Amino acid sequence: MAKLPISVDKIIENYGPHKAYAPKQGFHGHADPDKLVKTHCCFCGMQCGLQLKVKDNAVVGFEPWMEFPFNEGRMCPKGVARYLQNNHADRLLSPLERVESEGFKAVDWETAMSRTVTEIKRIQSTYGNDAFAMLSGVSLTNELSYMVGKFARVALKTANLDYNGRLCMVSAGAGNKKAFGLDRISNSWVDLKHAEVIMICGSNVSETFPTLIHYIWEARDNGAKLIVVDPRVTPVARTADLHLPVRPGTDSALYGAMLQQLVENDWLDHDFINQHTSGFDATIAAVKDYSLEWAEKVTGIPAESIKQAAAMWGQAKTSFMMHARGIEHHSKGVDNVLGCINLVLATGRIGKPYCGYGTITGQGNGQGGREHGHKCDQLPGNRDITNPEHRKYIADVWGIDEKDMPGKGLTAYEILEAIHRGEIKGLISICFNPVVSLPNNNMVREALEKLEYYVAIDFFLNETARHANVVLSGALHEEEEGTVTSAEGRVIKINAAVTPPGDARTDASILKELAARLGAGDKFAFKNSEAIFNELRVASKGGTADYYGITYERIVKNYGVFWPCPSLDHPGTPRLWEDRKFATPDGKAHFNPAPYRDPGEPTDKEYPVVLTTGRVVSQYLSGTQTRRIGKLLDQYPEPLLEIHPSLAQQFGIQDRDLVKVVTRRGEAEFPAQVVTTIRSDTVFIPYHWGGSKSANQLTIGNLDPISKIPEFKVCACKLIPLGRKAPPVSESDAYQSV
Amino acid sequence: MAEPEKNFDQDMEFFVDMQRCISCHACETACAECETNGQETMIHVNYVDRAHSVQTTVQVCMHCEDPACANVCPADAISKDSNGVVHSANTSRCIGCSNCVMACPFGVPKKMEAAELMMKCNLCYDRTSVGKKPMCATVCPSGALYYGTREEMRKKRPNSDPVNTFKFGAQTVHTKVNVMMPKGSKELKVH
Ligand code: SF4
Ligand code: SF4
Ligand code: SF4
């Protein structure tokens, strides 16, 4: 049913992406705005503070916000240019309804809402409540994340709710919970500046979290040594004291071998291990055979470099370990994370000044969005949906009977698989673009085509929303008030700069009305976003992610408050574990054995090359927003296939040659960029594009057994040079953003 | 010489530290946001040799003590003020002859073909003259660009020294903008 109503070309003609270089109304008012609104960037987990210039209820420019302590005015190009999406020509100004063979037509809210609610009721009464699923995203504020979690369980009454953090840092979250009982970076970024050694595993910090680089460079001015684990020489790896060019999918062998070196050389904090941890013996037993030579063979990193890394890490007095998607996007993402944590615990360098550990969240609210209950297995306060006490507490806050609260549902990729199998018939999505962002996206597209009803809440008609029966025109970041939690655990305030244009509405008001029409209006009678936050505070109280002591007023006054913050007189917690009381049941930090296993799809004769994916600095996630900003698209106009000259030579590929990349799931053509800054057995493609340029046609849906994160970072591919040069960038369809 | 603006802080200097540049282009994007630039960027980021490195260089007007661009301008369109800022060509005077483009040892001025006008960085005069920092140096996430006092810089970068003496063969050029070099460096030989 949900096949595209008209051709992709036609949809693009009508709804974009089109490139904006100037605000719709021109630069009128650029120099003389009505007001400057202090808020934060809508993109990555750094959540840089910035000010939006507003003229006549439209955002017309930006001005640095020098006082915000994390970034003091510093920004990356995305943050600078983000204002261009406000009032964009592609912006959806009213709800849309699909009309077969004609496309989409604007409808009024009454029509869109009543159709949606009728379909939800029809599907749920025919197939059961869980046959209607919901997908959410962590670019949403904390308030909206909380509201979505409650909406799905209380109004929609479905177990099948999950979020796009499932594609992001859930492996880190699962690892953190196992080791520490709590899922947050251990320190604020300030501690980074004075660490003796910084180890960055699988994170292209310079392109994905550019403003964090400042802290790293400052640390180096203070004498810090930098170790970077990455198959590519990224800008941060270029300057590292030690770059470990790991073969994708083999990270845990590296951390295992390093741990073995720490044991062998007795670079261990015995007191810390004895008094504050458990599981050490079993963990080191698992790596006792991990010799340097073995690790070199598996990881492709010279044994000498691994030894050096272990010595640098082992002998330091202070250290900061961080990682990102490079080690998390694997079918053993959790093991990779635990491998890193084991190195931190073995040296006891946690909960002290200048010592830290944590994941860097890719999405704006990657941290907060994983605490308030829009994950399939979780309730607010990072509570467990299967724990009877936790369920009871939240049911009481929500004013429902615990028995009526759905249980644990399917994860994001599993929801799409269940739709594909015909088990889930209806879907509502908000702030999630799985057609671009999920692996094996040909399957995703097929799945969407099988839905009986799909409603998308969005502000642009992104690649997934194109399949919808009804699109509810929601709000941009600058049109909604709320809070987000940055990657360092700082809860900050997002201030609405303008109201939604045309007939568009805030996401909160859309969810509120849907809930009312589904008969749960009394549970969603929030006056404003602060009222939602105040309920969230109560719901989080006593949970591991405790926000109870945080208020809007305190956030504004203090430039953010770090959770946990259990009471109004609590100062917040920039540095965790200083009291050595971990959030596990026994109060100890847990070592976990993380033995090496191969990636899900190793290379073979037919598919001999490793494919890995990632990001570029000028684009954000599925590109829904950034592919509509001219300047950002011009900076990196089309996805390129990075390939080492020696591998290129094997296939007879030269720079700008068009290469067909084939995997067991799909194929796509990309211009080659021949560079020595990548391993010679690995190719890299950025994933921000949809359609024929989508890297995720090729990637694999192997899931980590614990976190259920897909293995975006490694699969096997073959390369077929097409014998012709790629067209000039300006003629490429990716540049036109198809 | 144009009159100095009274709010221009003479102690503030501009520092460029290429080693830190992460090729993010935030400086270019932000420069184009300057009210005076007509949405054009006056700073340029380029790869040194992308086939072998991700290192980029960033090219900004060096605001020379004795600016070659101004010296060769037949129309007197380029002026240096007493704060040491070399201003972009005066729109009403510039004849688009490109002499400045040819003369600048750092390759800075660019002729905007559409406007038949030379444009270059004027150290965000609309901002610096009222005590703000230039756009590019404000946003640069890596500290590759920095605007502040020499003393602040010395404290921040104990392992580097700012250099503003450049040798192009026999020619010596002193600039208002500094380039960060390894400790002990006094000048940079370009040829
Ligand atoms: S994308 Fe991230 S680093 Fe860039 S400005 Fe936004 S929050 Fe800052
Ligand atoms: S903003 Fe700074 S780091 Fe980014 S390209 Fe410009 S100089 Fe380099
Ligand atoms: S100082 Fe101002 S005008 Fe000059 S390059 Fe930087 S942002 Fe552009």
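## Second largest cavity

In this predicted model, the second largest cavity holds about 330 Å³ of space. Its lining is made up of 25 residues, and those closest to the centre are A:Gly202, A:Asp230, A:Gly326, A:Thr613 and A:Lys713.

Which element gives the most to the lining of the second largest cavity? That is S23(A), with three residues. Sorted by class, the lining residues of the second largest cavity are eight nonpolar, eleven polar and six charged.

## Largest cavity

The count of cavities of 30 Å³ or more comes to nine. The largest cavity contains about 610 Å³ of space. It is lined by 37 residues, of which A:Ser139, A:Asn164, A:Gln363, A:Cys431 and A:Leu621 are the closest to its centre. The lining of the largest cavity divides into 16 nonpolar, 16 polar and five charged residues.

## Largest pocket

The volume of the largest pocket is about 680 Å³. There are 32 residues in its lining, and A:Lys177, A:Asp377, A:Asn382, A:Arg383 and A:Asp384 lie nearest its centre.

At least two lining residues of the largest pocket come from each of two chain A elements, helix H5 (170-180) and strand S15 (383-384). H5(A) supplies the largest share of the lining, five residues.

## Nonpolar cores

The largest nonpolar core has 123 residues, and the members that touch the most others are A:Met134, A:Phe151 and A:Phe180. Helix H15 (residues 333-346) of chain A contributes nine residues, the largest share of this core. A second, separate core has 85 residues, among them A:Phe68, A:Ala195, A:Val617 and A:Ile685.

What does A:Phe151 touch, not counting residues up to four places away in sequence? Its contacts are A:Met134, A:Leu156, A:Lys157, A:Ile428, A:Leu511, A:Leu514, A:Ala515, A:Leu518 and A:Phe524. A:Met134, one of these contacts, is also named with A:Phe151 among the members of the largest core that touch the most others.

## Surroundings of the ligands

Ligand 1 has residues of chain A around it: A:Cys41, A:Phe43, A:Cys44, A:Met46, A:Gln47, A:Cys48, A:Met75, A:Cys76, A:Lys78, A:Gly79, A:Pro210 and A:Thr211. The shell around ligand 1 comprises eight nonpolar, three polar and one charged residues.

Ligand 2 is surrounded by 14 residues, and the closest are B:Cys21, B:Cys24, B:His25, B:Cys27 and B:Cys140. In the shell around ligand 2, eleven residues are nonpolar, three are polar and none is charged.

## B:Cys69 in chain B

Helix H2 (residues 68-72) of chain B contains B:Cys69. Is B:Cys69 buried or exposed? B:Cys69 counts as buried because its relative accessible area is 8%, and the cut-off for buried is under 20%.

Leaving out residues up to four places away in sequence, B:Cys69 touches B:Ile78, B:Val86, B:Cys100, B:Pro109 and B:Lys120. In sequence, B:Cys69 and B:Cys100 are 31 residues apart. In space, the C-alpha to C-alpha distance between B:Cys69 and B:Cys100 is 4.2 Å.

Terms used
Residues are numbered from 1 along each chain as its sequence is written. Chains are lettered from A and ligands numbered from 1 in the order in which they are written. This is a predicted model: local features need pLDDT of at least 70, side-chain atom pairs count only at pLDDT 80 or more; totals for chains, interfaces and linings use all residues. Side-chain values use heavy atoms; hydrogens and water are left out. On a 1 Å grid over the protein atoms alone, a cavity is a set of points where a 1.4 Å probe fits but cannot get out, and a pocket is an open set with protein on both sides within 12 Å along at least five of seven lines; lining residues have an atom within 4 Å of a point. Grid points are joined across faces, edges and corners, and a volume is the space filled by probe spheres set on the points. Ala, Val, Leu, Ile, Met, Phe, Trp, Tyr, Cys and Pro count as nonpolar, Asp, Glu, Lys and Arg as charged, and the others, Gly among them, as polar. Helices (H or I, at least four residues) and strands (E, at least two) are DSSP runs, numbered from the N terminus. A nonpolar core is a set of buried Ala, Val, Leu, Ile, Met, Phe, Trp, Tyr and Cys residues joined through side-chain atoms within 4.5 Å. Buried means under 20% relative accessible area, exposed over 50%, partly exposed in between (1.4 Å probe, protein chains only). Contact means heavy atoms within 4.5 Å. A residue is near a molecule or strand if one of its heavy atoms lies within 4 Å of it.
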